[in-house]
Amino acid sequence: SRRLRVSATTSNRKGMSWKERAAASRTSAGVWNWGRGALDTGLTKEKRKQEILRAGWGGPPPAPPPDRLNALLSPTGSSRPSSPGSLTPSSSAPMLMTAAVTDGAFDDIGSLSPSEAMMRRTTSGRRRAWWHPDIADSHLPARSALTTPSTSSRSLAQSSSAPALERTILPSLQPNSGRSPQAAEFGRLSAGTLERWSSPYRPPRATAVGMPPTPAGRGGEPPLPVIVGANMVPWRGRGAATRGNLDSPMRQYLHACDQSGVVPSLMPFVTGHSSKLRAEHQMLSDSDLGVIIDMMKTISIEEVNLDGNMAVSEKVFVQFMETLMASPASSCLSILNLRNCPRVGQCMCMCSSTKWCGCEPKGSCRLRCPMSAIVKSLADTTHGLYSLRKLDLCHVPLSAKHHFALCRAIGDHTSLDTVLLADTGMGIRGGASNDGLTRQCILEIFKNSLLQHLDLSWNCFGSEVFEALGAAIVASQNVRRLEVAHCSTSTVSGAATSPVVGLLEAFAGGCPLKALDISSNHLDYHGALVIEDSLALCGGLAELVVSGNPLGVIGLRCLFRLLCTSRSQIAKLRCDDCASGLMDAPNEGQTAVMSFSRTCPDGRYELDLAKPYHRALLRMLYKTCDSFGIKADGAFRDIKATPAYSLSTKGPEGVYAVPTSGRVSFAFSTQDAMANIAKDLDERDFSEFTRKRLELSRVRPDTDKILPLLVYFRGTRANPKYQIAFLDALAKDFGLTYPQVRQLCEDRSVTVDVLMRILPCVEGGRPAQTLAIQLLPTPGDAVRTFRRLTSWDTFNVDNPTGHYRLDLGQASNFAVAERLKMVDAWEAYIGRQSGRFDTSERGDHCRARNVTYRNTSMDSPSFAEWSLPEIDLLELDYASMRRPPESARALDARAFDAMLSLLQGGHVSETQRVLALRMVSPRVFLTSLQLRQLLCLFQEGPSRSECVAIFHDQVVDRHNTKAFRAVCNGALDTACLSQRLCAVG
């Protein structure tokens, strides 16, 4: 069943010569042998090969000799011999494949399946095609009765003219006749061939495979009939009616390519599938774009994108723009993108004082410039690009003349809403005069009331230009996206901040922007504070990009505070490559920088109001008064200004008007806020006071605000430096909950770094902090963490008396210094309110003594007026005035003996014993004799002095202090204690 055979009896071959038998074998093998075995021709396979090769098989197959085969295929069914060329179309229908000669050897495709035979034929190195439909047509007479266009393969097989064909051939040609896949494939191919043969004859083609076609009328035969149906070619249209028609744009393009020798492109615009010419980065030449210009004259274009085609010359660009200005291209063009096409900004003038390029009239080539054509098309409201909505000329260098003309045309346009002019050389020459010209260009652009997106990146702007740009944006109230990346390359001599802060300050009262890109503008932590101050009222701002600026940890903290404010709608904050800054590596001998701290803003400030950073710092202090609920008159003290300065008031837009010149110094204090905190609060309850104080000043990100922070943190996994900077920025001024810390610790590899910095920020007291500590993966990680958190873990806010040596660069040490400053302000407030005798070192009721920073004495007259630095070493003694209450009772003898036994037992160092006593000291009251016995457990003098400092304020009988002073090691320890506590005399 898998073989297709045509049986031929050997009786008809008897009496034939060897040549006749060879011809019959050739015809049978070449036309009918589709089976896997040899035909029953009376000859063996090898002999048949030899006879076929000896007969010189080449050229069109001759007519078969009179035999049973012709009898089966004749219209009448008789065995009448046929003359040469008398084969009918039905007899040649199965001529799909023939034998081939490959490398001089016979390739018996009869032993292969149809699919294998087809593969063998198409992959042979040297081949001859013995049959082709166009060639076979030339040897066949016209049979109109059998070749009507509607005749199909099945109807042809069922006709009376081919009864034997139906019985022998067609049953095996049906695709779904239950045969093998090879036979089914052959059936599909054969059915398609019969379908083609049912149409009228086609003329022979001169490009037939393997041999030239036989001309019509060979051997006295009549010529071929006239073609009735045209051949359908998909890429040439439908029928012969379109041949030679150049009306369609595609045929015009192909004709132009043929004339210019340009290889056609398969862009959708060229093939007619799109009205948008998108040829970005196609490396088009003048010829490529020239043939496109020819087809643009009769079609409408919605978009033109030639991004990156730098090889196109000025001359072709001029022709291109002139074509765009003509109808119908100009009527619907909405997007023109010429990005990265540097020739657009160049003129094609060839004339000089001694040479004439041949232009008519002479000198007219000076006006033929692509940019001049663009300006003309934008300015022409009748025949120009009056429907254009987006213009992209990024990275196209322009001259100053073209800048002003282009900006004026943009300002006068009636539909343009997106203008991209990045890296066009605007303001590139610097200087005050050029800044003035650039300012005029900016003002011309903003005459367009529809402008929504403006990109001016990679240009050179000064402070004057940025200020004009900011004022224009605020006045227009239409711009939604502004990009000014890499623009602050010109700075004023002696300026400490980037010129872009002039733009930011203009947004202090609010702006219409939804996206702002100020990346790579040399912004440090000074500029970051200006961003926090100015963009706080921009409620519509959803995207902020500040990447590539050396903000440092302080600058990142400013951005995070801005992100977490209640009015901020920023959902996407990009601050890549911002971790490095001046605060990370201070130079030798560098003084403490004056930075803003929301948690502890108290201190003395000396401001130069001509600097944007100092103006922003002053406005932030005014906002702190609002958040603490205090008046500015009570917060700003000891004001000294040149010229005279009066406190600012909030304007109608919620902005404090700050002078832009002069110098002012003052002391800022939040002690007036103590009155609100002191309500229903015990003056000895320092832990509750610090909790309320931090609740008043800390920034608490809610669910909507913490998500951008978590996204940024997870994006820094590949760079540990950025992760550490993020954690250091978040470790100050922020209060986090345990679930938020758990999300930060999702990556076990950074859990130790997270808790080393974030643990002091965890709200909820010791229970929440204990839960956070359990997130540590291993006991070894817990040991490493507690070693870094020693100062924080051993600090007892209810009994802060002691000696402190703090590295403010570590978040845990900075948290201890912050709480000491808060408690000191609280005790100073209580001392003033109660009228207690002042025993402070500087006569200001402050309890901090012997304060040194970087091993030098504090430069501020008071610890309360000293701004807490971000880095370096702080060393001080703190002596609290907290005394035991009247109801306090000392430990009984049994409890005291048990405590002594615990301290004596075990192999514990004296330092660990002192730390343990500090942790329990707020709940332990002793007598002078009990303190004397306790001191005897320590052999070292520093340990005894520290133990005296811890329990000095816990002794219930202070009139008997001589009892434990005698145990101190001589006058040196006594003088040291007197200097530290100012109470042991």
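**Strands, loops and charged pairs**

Guide: This model is predicted. Strand S15 (residues 663-668) is mostly covered, since five of its six residues are buried.

Visitor: How many bridges join strand S13 to S15, and how many join strand S14 to S15?

Guide: Strand S13 (residues 603-608) runs antiparallel to S15, and strand S14 (residues 636-642) also runs antiparallel to S15. Arg 663 of S15 is the bridge partner of Asp 608, and Thr 642 stands opposite Arg 663 as well. The count is six bridges for S13 and five bridges for S14.

Visitor: Which residue does a cis peptide bond join to Thr 642?

Guide: Most peptide bonds are trans. Here the bond has an omega of about -5 degrees and is cis.

Visitor: Where is Lys 650, and with which side chain does the side chain of Lys 650 meet in a salt bridge?

Guide: Side chains of opposite charge can pair when their charged atoms come close. In this pair the N to O distance is 3.3 Å. Lys 650 is in the loop between S14 and S15, while the partner, 24 residues apart from it, is in helix H22 (residues 612-628). The partner is Asp 626.

Visitor: Are Asp 626 and Lys 650 buried, exposed or partly exposed?

Guide: A residue counts as buried under 20% relative accessible area and as exposed over 50%. Asp 626 has 38% relative accessibility, and Lys 650 has 45%. Because both values fall in between, Asp 626 and Lys 650 are partly exposed.

Visitor: How many residues of helix H15 are buried, and against which elements do they pack?

Guide: H15 is largely enclosed by the rest of the structure, because seven of its 10 residues are buried. Among them are Met 371, Ile 374 and Leu 378. The buried residues pack against helix H13 (314-325), S6 and helix H16 (400-412).

Visitor: What is the relative accessible area of Leu 388?

Guide: Leu 388 lies in the loop between helix H15 (370-379) and strand S6 (390-392). Its contacts include Leu 333, Ile 335, Leu 378 and His 413. The C-alpha atom of Leu 388 is separated by 4.0 Å from that of Ser 334, although the two residues are 54 residues apart along the chain. Leu 388 is buried, with a relative accessible area of 0%.

Visitor: With which residue does Asp 417 form a salt bridge?

Guide: The closest N and O atoms of the pair are 2.9 Å apart. Asp 417 is in the loop between H16 and strand S7 (418-420), and the partner is in the loop between H15 and S6, so the pair links distant parts of the chain, 28 residues apart. The partner is Arg 389.

Visitor: Glu 910 has no salt bridge; which side chain of opposite charge is nearest, and which side chain makes a polar contact with Glu 910?

Guide: Glu 910 is in helix H35 (residues 910-920) and is buried. A salt bridge needs the charged atoms within 4 Å, and the nearest side chain of opposite charge, Arg 913, is 5.3 Å away. The polar contact, at 3.2 Å, is with the side chain of Ser 943.

Visitor: In the loop between S17 and S18, is Asn 855 buried or exposed?

Guide: Most residues other than glycine have a negative phi. Phi is positive for Arg 854, at about 60 degrees, and for Asn 855, near 65 degrees. Arg 854 counts as partly exposed at 24% relative accessibility. Asn 855, with a relative accessible area of 61%, is exposed.

Conventions:
Residues numbered from 1 in each chain as written. Predicted model: local features only at pLDDT ≥ 70, side-chain atom pairs only at ≥ 80, totals over all residues. Heavy atoms only, no water. Helix = DSSP H or I, 4+ residues; strand = E, 2+ residues; numbered from the N terminus. Buried < 20%, exposed > 50% of the residue type's maximum accessible area, 1.4 Å probe, protein only. Lys, Arg positive; Asp, Glu negative; His and termini not counted. Polar contact = N/O pair within 3.5 Å; in protein donor to acceptor, adjacent residues only side chain to side chain. Contact = heavy atoms within 4.5 Å. Pairing = 2+ DSSP bridges. Lists of a residue's contacts leave out its neighbours within four places in sequence.
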